[in-house]
Amino acid sequence: MALLLSVFLACAGVALGARPPAYGHPRPAYGHQPAYGHQPAYKPSYCDPTATPTCAANSTLNYCLEDPEYPEYEIKGAITADHIFAKKYADVADQSADDLVDLVTKAQEEAFDYSYYTGASTGPSPYDATHWGGPEGYICPSDVAYARPRRAQNVEGKWRVIVNDVHYYTQTARLETCLFPEAACRALAPCYKSHCTQKYVYHRLLSFDPCDAYKGLFIDIYKLPSACSCHVPA
């Protein structure tokens, strides 16, 4: 009887003290997880919308006409995804003094040259000859640009990207900046105690938040230079 039992166990492939056969791959050790492909190290970073962007790093202006980090690809995607983009967008691309300055033509304004002017009245020196003479121009020397800002600081102090020169979409603004702020107005006598003062206007521009792309495109408000005017105090 014992002989028959031994033969039966041998045929079944089971021997006393033998290990069970291994089926498939061995079970991995859970103390060490295998790496599947390349695993990039994810480091979450905070995007500060008030931080000065690269385009304005060496400037005192609150806007950039050139931007080496302009996110054109992201803005194109936002335009495609925005089903009411056409209702948000508007621009007069061809602007000049012919349309925006009375009694001054585009050719005249572009020819204004203040390279001779010193603005010496802002210091202890008396008015020099450049204050009384010179070619045609505004009474307060200024730089005029019909520009398309690509990034600007909004009225809350946050930097936004402006939709400009993406596909065929532009947003043009007339920017006039005093060359000699607080200098005396040209051709006025010292007794008037005049000075040139910078004026601003609020512009509503279609914008993109580089710190939160999920906002899509929206209208934001910016304070930009609009005129350099002569002020005569009472």
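A residue is called buried when its relative accessible area is under 20%, exposed when it is over 50%, and partly exposed in between (1.4 Å probe, protein chains only). By this criterion, Phe 85 and Tyr 169 are both buried. The model is predicted, so local features need pLDDT of at least 70 and side-chain atom pairs count only at pLDDT 80 or more, while totals for chains, interfaces and linings use all residues. Residues are numbered from 1 along each chain as its sequence is written, and side-chain values use heavy atoms, with hydrogens and water left out.

**Nonpolar cores**

A nonpolar core is a set of buried Ala, Val, Leu, Ile, Met, Phe, Trp, Tyr and Cys residues joined through side-chain atoms within 4.5 Å. The largest such core has 12 residues, including Tyr 70, Ala 78, Phe 85, Tyr 169, Phe 208 and Leu 217. At least two residues of this core come from each of helix 2 (72-81) and strand 6 (195-208); helices (H or I, at least four residues) and strands (E, at least two) are DSSP runs, numbered from the N terminus. Helix 2 provides the largest share of this core, 3 residues. Apart from this core lies another, of 9 residues, among them Tyr 63, Leu 175, Leu 205 and Leu 224. Beyond its neighbours within four places in sequence, Ala 78 is in contact with Phe 208 and Leu 217, where contact means heavy atoms within 4.5 Å. In soluble globular proteins, nonpolar side chains tend to be buried together.

**Aromatic pairs**

The whole structure contains 8 aromatic pairs. Rings of Phe, Tyr and Trp (its six-membered ring) pair if their centres lie within 6.5 Å; planes under 30 degrees apart count as stacked, over 60 as edge-to-face and the rest as tilted. Two of the pairs are set out below.

| Pair | Centre to centre | Angle between planes | Class |
|---|---|---|---|
| Phe 85 and Tyr 169 | 4.7 Å | 75° | edge-to-face |
| Phe 112 and Tyr 138 | 5.0 Å | 80° | edge-to-face |

Phe 85 belongs to helix 3 (residues 85-88) and Tyr 169 to the loop between strand 4 (159-162) and strand 5, 84 residues apart. Phe 112 lies in the loop between helix 5 and helix 6 (129-132) and Tyr 138 in the loop between helix 6 and strand 2, so this pair ties together parts that are 26 residues apart in sequence. Phe 112 and Tyr 138 are both buried. One aromatic cluster is formed by Phe 85, Tyr 89, Tyr 168 and Tyr 169.

**Loop residues with positive phi**

Most residues other than glycine have a negative phi. Leu 103 has a positive phi near 70° and is placed in the loop between helix 4 (97-100) and helix 5 (106-111). Leu 103 is exposed, with a relative accessible area of 87%. Glu 182, in the loop between strand 5 (173-178) and strand 6, has a positive phi of about 75°. Glu 182 is also exposed, at 51% relative accessibility.
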